[in-house]
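Biologist: Please take one part of this model and go through its contacts closely, residue by residue and then element by element.

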Amino acid sequence: MTFTLLPAVDVADGQAVRLVQGAAGTETSYGDPLEAALAWQRAGAEWIHLVDLDAAFGRGSNRELLADVVRRLDVRVELSGGIRDDDSLKAALATGCDRVNLGTAALEDPDWADRVVAEHGEQVAVGLDVRITEQGHRLAARGWTRDGGDLWEVLARLDAAGCRRYVVTDVSKDGTLRGPNTALLREVCARTEAPVIASGGVSSVDDLRALAELAPLGVEGSIVGKALYAGNFTLQQALAAVA
């Protein structure tokens, strides 16, 4: 299995930003989203992970801006944020993106999500944003502001519906540059045959190598955000490390 890197472009109020642990109000701005995405394309990215944070938090939308970004890129795009019903799903797929990532809707509207993953196959991934607590592995919904249920119960339900891919994030790691949670990824891969994309915590090329070593278990790639924007390494260095 090849290992794919997906540089993240998270958009809030028309700007590319990064958050800490997904919390609203922790944004650091990095300028124009199209320029950010084009920079990753020029550096060799094959995929971009493009997120509408305003839609995810239910405080607006950058739909037209993101559609323009998708149109102007030559690489594949995974689009995420606020895709919660037929209309928003149709609009997301109409941008020409290669895949959408469902989040809250997969937890709050299971019948709809199960139908969507069954109907759209490879075009749909589901984001599993995990908080590990005394109560177990809990999922985070609504921009990580609400509890979304037990990870393992939801994973079993989505597997039964035919979900083709999961994006797994340890919320406590996201945007912190503290390293990915490889133990969580191993646990998820042990319970599903669908490929998994890792997200959250990457701080170094060594972290990426550690994730790439999980490829035989089912980890097919990693979203990379803050570490790239902070200059911890270049995308070219990251791609070379996992080649």
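Modeller: Beyond its neighbours within four places in sequence, V9 is in contact (heavy atoms within 4.5 Å) with A16, P33, A36, A37, W40, I48, H49, L50, V51 and Y229. The model is predicted, so local features need pLDDT of at least 70 and side-chain atom pairs count only at pLDDT 80 or more, while totals for chains, interfaces and linings use all residues. Residues are numbered from 1 along each chain as its sequence is written, and side-chain values use heavy atoms, with hydrogens and water left out.

A36 counts as buried because its relative accessibility is 9%; buried means under 20% relative accessible area, exposed over 50%, and partly exposed in between, with a 1.4 Å probe and protein chains only. Again leaving aside neighbours within four places in sequence, A36 is in contact with V9, A16 and Y229.

V9 also belongs to the largest nonpolar core, which has 73 residues. Such a core is a set of buried Ala, Val, Leu, Ile, Met, Phe, Trp, Tyr and Cys residues joined through side-chain atoms within 4.5 Å. V9, L50, V126, L128, Y166, L208 and F233 touch the most other members. Helix α7 (residues 151–161) gives the largest share of this core, six residues. Another core, of seven residues, lies apart from it and includes A8, W47, V167 and I197.

α9 and α11 pack at an angle of about 35°, with their axes 9 Å apart. Axes are lines fitted to C-alpha atoms, for helices over the stretch in contact, and angles run from 0 to 180 degrees between N-to-C directions. V205, L208, R209 and A212 of α9 meet Q237, A238, A241 and V242 of α11 in this contact.

On α11, the buried residues are L235, A238, A241 and V242. They fall within an arc of 120° seen down the axis, so they line one face of the helix. What covers them includes β1, α1, α9 and α10 (226–229).

Definitions and conventions. Helix = DSSP H or I, 4+ residues; strand = E, 2+ residues; numbered from the N terminus. Arc of directions from axis to C-beta.
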